[in-house]
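Welcome! Have the viewer ready and try each exercise yourself before reading its solution.

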Amino acid sequence: MSSISFSTAVVIPARPATRSRLRLTARGRSVLLALAAIPLAVGIAFAAIGGGNAIASGDDVAVASFETVTVLPGDTLWSIATSIAPTADPRDVIGEISRLNMLRAGELQIGQELAIPAQYTD
């Protein structure tokens, strides 16, 4: 009698790890860095050449002047708004003063100068 046997174990020969033949030397790193820096240098040169066109002159310049109010002890935005614009809605005046002076949460300090919107000045 003859017998047939099947083996489930398959042996795959291991391949040696392939190593890249490319090695960067110090000169190669320098060249690669120089090539990467070219777009940056071109961008800086473009900005330097193109940026000279915006020359500011004093001709035809509108000067904005504001009347200011000095914050005294006990002053609030509400009291300032009602004193500078007694006929207007204080909430609207407070909003405009806050935007103009970039106030956050209505915080005032004694001695602070607040610019008043032009429509509420005399």
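Predicted model: local features only at pLDDT ≥ 70, side-chain atom pairs only at ≥ 80, totals over all residues.

**Exercise 1.** Work out how helix 2 and helix 3 are oriented to each other, and which residues meet.

*Solution.* 
- Two packed helices are described by the angle between their axes and the distance between the axes.
- Here the angle is about 105°, and the axes are 9 Å apart.
- Angles of 65 to 115 degrees count as roughly perpendicular, so helix 2 and helix 3 are roughly perpendicular to each other.
- On the helix 2 side, the meeting residues are Leu77, Trp78, Ile80, Ala81, Thr82 and Ile84; helix 3 brings Pro90, Arg91, Val93, Ile94, Ile97 and Ser98.
- By type, the residues of this contact divide into 9 nonpolar, 2 polar and 1 charged.

**Exercise 2.** Find the largest nonpolar core and the elements that build it.

*Solution.* 
- This core has 13 residues, and Leu77, Ile84, Val93, Ile97, Leu114 and Tyr120 have the most contacts inside it.
- Helix 2 (77-84), helix 3 and strand 2 (113-116) each give two or more residues.
- Helix 2 supplies the largest share, 4 residues.
- Now look at Ile84: beyond its neighbours within four places in sequence, Ile84 is in contact with Val69, Val93, Ile97, Ile116 and Tyr120.

**Exercise 3.** Decide whether Asn101 is buried or exposed, and trace its contacts.

*Solution.* 
- Asn101 is found in helix 3 (residues 90-101).
- Its relative accessibility is 18%, so Asn101 counts as buried, the cut-off being under 20%.
- A polar atom of the Asn101 side chain lies 2.9 Å from the backbone oxygen of Ile97.
- A polar atom of that side chain also lies 2.8 Å from the backbone nitrogen of Ala115.
- Leaving aside neighbours within four places in sequence, Asn101 is in contact with Glu113, Leu114 and Ala115.

How values were computed
Residues numbered from 1 in each chain as written. Heavy atoms only, no water. Buried < 20%, exposed > 50% of the residue type's maximum accessible area, 1.4 Å probe, protein only. Polar contact = N/O pair within 3.5 Å; in protein donor to acceptor, adjacent residues only side chain to side chain. Contact = heavy atoms within 4.5 Å. Core = buried A, V, L, I, M, F, W, Y, C linked by side-chain atoms within 4.5 Å. Axes fitted to C-alpha atoms, helices over the stretch in contact; angles between N-to-C directions. Parallel < 35°, antiparallel > 145°, perpendicular 65-115°, else oblique. Nonpolar A, V, L, I, M, F, W, Y, C, P; charged D, E, K, R; others polar.
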